[in-house]
Amino acid sequence: QVRLVESGGGLVQPAGSLTLSCAASPSIFSFKSMGWYRQAPGKEREWVAKIIANGATEYADSVKGRFTISRDIRKNAMYLRMNSLLSEDTAVYYCAGGFGSQVVWGQGTQVTVSS
């Protein structure tokens, strides 16, 4: 069964850092591309970052220079390192992967940036 499971969310102070993880099963190679999305209260889900099969990465302008997407093939995992967090980064963060013609979503992990 193809599955994505996020972890690593929590409460962090403004300007702080947090790393989210996304475990892929049965294998990270099951997905032709993977990415992170987020949904803040009262807002639509928005794209944050993506990494494709050759390792190339892209970022939304709102997180460029602060967030880094990466993957560990041996661990079948994808990560999102978030630095210089702002209150507007508060959201539920989802990992997603392209599987054939479908998009597989994780269950989400809450990130709250507050003092």
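Author: Arg 66 counts as buried, at 13% relative accessibility; buried means under 20% relative accessible area, exposed over 50%, and partly exposed in between (1.4 Å probe, protein chains only). Keep in mind that this is a predicted model: local features need pLDDT of at least 70, side-chain atom pairs count only at pLDDT 80 or more, and totals for chains, interfaces and linings use all residues. Residues are numbered from 1 along each chain as its sequence is written, and side-chain values use heavy atoms, with hydrogens and water left out.

Reader: OK, so which residue does Arg 66 form a salt bridge with?
Author: Asp 89, with the closest N and O atoms 2.8 Å apart. A salt bridge here is a side-chain nitrogen of Lys or Arg within 4 Å of a carboxyl oxygen of Asp or Glu. The two residues sit 23 apart in the chain: Arg 66 is in the loop between strand 6 (57–59) and strand 7 (67–72), and Asp 89 is in the loop between strand 8 and strand 9. Strands are DSSP runs (E, at least two residues), numbered from the N terminus.

Reader: And Asp 89, buried or exposed?
Author: Buried, at 1% relative accessibility.

Reader: What else does Asp 89 pair with?
Author: Arg 38, at 2.9 Å between the closest N and O atoms. Arg 38 lies in strand 4 (33–39) and Asp 89 in the loop between strand 8 (77–82) and strand 9 (91–99), so this pair ties together parts that are 51 residues apart in sequence.

Reader: Where does Glu 46 come in?
Author: Its side chain meets that of Arg 38 in a salt bridge, 2.6 Å from N to O. Arg 38 is buried at 6% relative accessible area, while Glu 46 is partly exposed at 35%.

Reader: How many salt bridges are there in total?
Author: Five, by that rule.

Reader: Switching topic: what's in the largest nonpolar core?
Author: It has 29 residues, and those with the most contacts inside it are Met 34, Trp 36, Leu 80, Met 82 and Tyr 93. A nonpolar core is a set of buried Ala, Val, Leu, Ile, Met, Phe, Trp, Tyr and Cys residues joined through side-chain atoms within 4.5 Å.

Reader: Which strand gives the most to this core?
Author: Strand 3, with four residues.

Reader: What does Met 82 touch, leaving aside its neighbours within four places in sequence?
Author: Its contacts (heavy atoms within 4.5 Å) include Leu 18, Leu 20, Phe 67, Tyr 93 and Val 111. Arg 66 is also one of them.
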